[in-house]
Amino acid sequence: MRRSPRSLALGVAALLLGALPASAQRSTRAVGFQAGYASARLRTESLEALESRQGAFVGIYYRARVLSWLTLQPEVDFTIKGGEVPLDDVTTSIESLSLDLGVLEIPLIVKVAPPYRRESIRPFLFGGASVGLEVGCTRTLVGQGAVRSVDCNDSDTITLGSDTLEVAPLQIPSPDVSWVVGAGIQWERKDIGIGLEARYQRGLRQVLPQAGTPIYNELWAIVLALTI
């Protein structure tokens, strides 16, 4: 049976009105803040890391939902990276090198959320890549029972035990590039979302290109995110 233009218009209006509450539940665009705990270390294949770095992980992000199960999330984060590794150079009295790196991370993350949902709680997986810009660096040299700290960009004369050493500026490649993976859960309501996630990040560029063994940045973080 053929419908009249009036009935068609009423049908379209009913569909639009019915879709309004669903679309108002959650916008496809949102911003948020995140903060948490991070543990970083210097990773090598042949040398065991001696000490990790514990610090905060803070940032902001923009979230754009592409599909009901797919979201793009660019971020701007700040964290501390580095750690301590032994040195295998027998020509000096330096036994280990410790780095404290302040890093501004700019990751692009892709989040995948399965359709499963229970009482507004939804699990998700994510992965992506990040560019890290060094904003501060301090190195600590340990040897003969002595400890000396020097800014990475400075040259200086230091004393370790009975040895006097000339320390040249340390060239650390910046920006660093790393890949990021993780998982978490998201609790969503009409005007707010709260997420808890665990993420792992591994650098792709050597922290010390002049070192005899490749050294990379590695980071674990537990992050609480607030979406508004």
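**Around phenylalanine 124**

Guide: Gladly! Not counting residues up to four places away in sequence, phenylalanine 124 touches Lys111, Val112, Ala113, Pro114, Ala183, Gly184, Ile185, Gln186 and Glu197. Please keep in mind that this is a predicted model.

Visitor: Why is phenylalanine 124 called buried?

Guide: Buried means under 20% relative accessible area. Phenylalanine 124 has 7% relative accessibility, so it counts as buried. This residue lies in strand S5, residues 121–143.

Visitor: How far apart are phenylalanine 124 and alanine 183, in sequence and in space?

Guide: They are 59 residues apart in sequence, and their C-alpha atoms are 5.7 Å apart in space.

Visitor: What are the elements of the chain, and in which order do they run?

Guide: The chain has 1 helix and 11 strands. From the N terminus on, the order is α-β-β-β-β-β-β-β-β-β-β-β. Buried residues account for 39% of the 228 residues. As for contacts between residues at least 6 apart in sequence, 63% of them join residues at least 24 apart.

**Salt bridges**

Visitor: What makes glutamate 218 and arginine 41 a salt bridge?

Guide: The rule asks for a side-chain nitrogen of Lys or Arg within 4 Å of a carboxyl oxygen of Asp or Glu. Here the N to O distance is 2.5 Å, so the pair meets the rule. Glutamate 218 lies in strand S11 (residues 215–227) and arginine 41 in strand S1 (residues 29–44), so the pair ties together parts that are 177 residues apart in sequence.

Visitor: Are the two partners buried or partly exposed?

Guide: Glutamate 218 is buried, with a relative accessible area of 4%.

Visitor: Which other arginine forms a salt bridge with glutamate 218?

Guide: That is arginine 43, with the closest N and O atoms 2.7 Å apart. Glutamate 218 is in strand S11 and arginine 43 in strand S1, so this pair ties together parts 175 residues apart in sequence. Arginine 43 has a relative accessible area of 24% and is partly exposed.

Visitor: How do you know that glutamate 51 and arginine 53 form a salt bridge?

Guide: Their side chains meet at 3.2 Å, N to O, and the limit is 4 Å, so the pair qualifies. Glutamate 51 is partly exposed at 40% relative accessibility, whereas arginine 53 is buried, with a relative accessible area of 9%. There is also a network: salt bridges that share partners join Glu75, Asp77, Lys111, Glu197 and Arg199.

Visitor: How many salt bridges does the rule give?

Guide: The count comes to 10 salt bridges.

**Loops and surface**

Visitor: Why is glutamate 45 called exposed?

Guide: Exposed means over 50% relative accessible area. Glutamate 45 is at 62%, so it counts as exposed. Its place is in the loop between S1 and strand S2 (53–67). Leaving aside neighbours within four places in sequence, glutamate 45 is in contact with Arg202 and Pro214.

Visitor: And why does threonine 213 count as buried?

Guide: Threonine 213 is at 8% relative accessibility, and the label needs a value under 20%, so it is buried. Threonine 213 lies in the loop between strand S10 (193–203) and S11. Threonine 213 and glutamate 45 are 168 residues apart in sequence and 7.8 Å apart in space, C-alpha to C-alpha. Beyond neighbours within four places in sequence, threonine 213 is in contact with Thr44, Ser46 and Leu47.

Visitor: Which residues form the negative surface patch?

Guide: They are Asp151, Asp154, Asp156 and Glu166. A patch residue needs over 30% relative accessible area. Aspartate 154 has 41%, so it passes that cut-off, and it is partly exposed. Aspartate 154 is in the loop between strand S6 (146–151) and strand S7 (156–160).

Visitor: Where is the peptide bond from serine 174 to proline 175, and is it cis or trans?

Guide: That bond is cis, with omega near 10°. Proline 175 is found in the loop between strand S8 (163–167) and strand S9 (176–188).

Definitions and conventions: Residues numbered from 1 in each chain as written. Predicted model: local features only at pLDDT ≥ 70, side-chain atom pairs only at ≥ 80, totals over all residues. Heavy atoms only, no water. Helix = DSSP H or I, 4+ residues; strand = E, 2+ residues; numbered from the N terminus. Buried < 20%, exposed > 50% of the residue type's maximum accessible area, 1.4 Å probe, protein only. Contact = heavy atoms within 4.5 Å. Patch = residues over 30% accessible without salt bridge, like charges linked within 9 Å, V, L, I, M, F, W, Y side chains within 5 Å. Areas by Shrake-Rupley, 256 points an atom, 1.4 Å probe, with all protein chains shown as cover. Lys, Arg positive; Asp, Glu negative; His and termini not counted. Charge placed at Lys NZ, Arg CZ, Asp CG, Glu CD.
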